[in-house]
Amino acid sequence: MNFVPDVLVLLGGPLEATGALRAAARAARLVIAADGGVRHAEALGVEPALWVGDFDSVNLEDLTRWAHLPRMEYPRDEDATDAELAAQAALKARPRSLLFAGGLGGELDHELGNLTLAVALARQGVRTALSSGPTWAFALVPPGLELDLEAGTPFSVVPLADLEGLTIRGGRWELEDAPLPLGSGHGLRNIAYQQHTKFFLRKGHALLVIRL
C-alpha cells in the first residue's frame with residue numbers, strides 16, 4: 001500500500017506491528033507520541049521527537065524508558081483528547097499526510113473520536129489514516145484518494161454523511177458518480193481487483209476501511 005505519512009502519531013489503542021505499518025511508521029519524517037501510545041514506539045522501530053498528553057495512562061516503565069523525550073504536558077481536565085493535542089502539535093509541521101497508529105479499537109467513544117478527528121483533518125487538506133496494523137481506516141473527502149492495493153484486498157466505504165458523486169474504480173463492484181446515503185451498506189465488502197484503486201467523491205465524507 002502506497003501510504004507514506006509525513007507525521008506519525010502514536011495512540012494508545014490496540015496495535016499489531018505488521019510489515020505495512022512498520023514501513024509506514026519508519027517513512028514518517030516526524031513522530032509524536034500521545035500519552036500511553038509511546039509504548040508502541042519500540043515495536044514500530046521509531047523514536048518520538050515529542051511526547052504530548054496529560055500522562056494519565058503512562059506507567060513508571062514508560063516514564064523511565066522515555067524520560068529523555070521532550071514533553072508537552074497538559075492538565076487532566078484539558079478540554080481535548082490526547083489525539084487532538086497530538087494533532088495540534090503535528091499541524092505545526094504543516095504535514096500533507098498523517099497516520100494515527102493505535103487509533104482503532106479500544107474504547108468505543110475514543111475510537112469514534114479518533115475517526116471523526118481524521119475526517120476533520122482530511123477536510124483541512126491533510127490526508128489522514130488510522131491503523132491497528134491489520135485494519136486501516138482512511139478519511140475519504142472530496143476530491144477523493146488513490147491507493148495501491150494488492151488484488152483480493154477487501155475494502156469498504158462507510159458514509160458518515162449523505163455522499164454525492166462517489167466513484168470507485170479498480171474494485172470488483174465499481175460505482176460511477178453515484179449517491180450513497182448515510183446508513184447505506186452498499187459500499188461494504190468490496191474487493192480490490194487492480195493495483196490502482198481509485199475513489200472519487202464530489203460531496204460528503206466517509207471512511208474507507210481496508211483489511212490487509
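In this predicted model, a pocket is an open set of grid points, on a 1 Å grid over the protein atoms alone, with protein on both sides within 12 Å along at least five of seven lines. Its volume is the space filled by probe spheres set on the points.

**The largest pocket**

The largest pocket holds about 430 Å³ of space. Its lining comprises 24 residues, and those closest to the centre are Leu11, Gly12, Gly13, Asp82 and His110. Two elements each give two or more residues to this lining, namely α4 (82-91) and α5 (108-123). The greatest contribution comes from α5, with three residues. By residue class, the lining of the largest pocket divides as follows.

| Class of lining residue | Number of residues |
|---|---|
| Nonpolar | five residues |
| Polar | twelve residues |

**The four-stranded sheet**

An open sheet is formed by four strands, which follow the order β8-β13-β10-β11 with antiparallel pairing. The edge positions are taken by β8 (144-148) and β11 (175-180); each has a single partner strand, so one side of each remains without a neighbour in the sheet. On average, neighbouring strands of this sheet are turned by 20° against each other, direction ignored.

Strand β13 (residues 196-200) pairs with β8 in the antiparallel sense over five bridges. Glycine 144 has phenylalanine 200 of β13 as its bridge partner.

Note on methods: Residues are numbered from 1 along each chain as its sequence is written. This is a predicted model: local features need pLDDT of at least 70, side-chain atom pairs count only at pLDDT 80 or more; totals for chains, interfaces and linings use all residues. Side-chain values use heavy atoms; hydrogens and water are left out. On a 1 Å grid over the protein atoms alone, a cavity is a set of points where a 1.4 Å probe fits but cannot get out, and a pocket is an open set with protein on both sides within 12 Å along at least five of seven lines; lining residues have an atom within 4 Å of a point. Ala, Val, Leu, Ile, Met, Phe, Trp, Tyr, Cys and Pro count as nonpolar, Asp, Glu, Lys and Arg as charged, and the others, Gly among them, as polar. Two strands pair if DSSP finds at least two bridges between them. Axes are lines fitted to C-alpha atoms, for helices over the stretch in contact, and angles run from 0 to 180 degrees between N-to-C directions.
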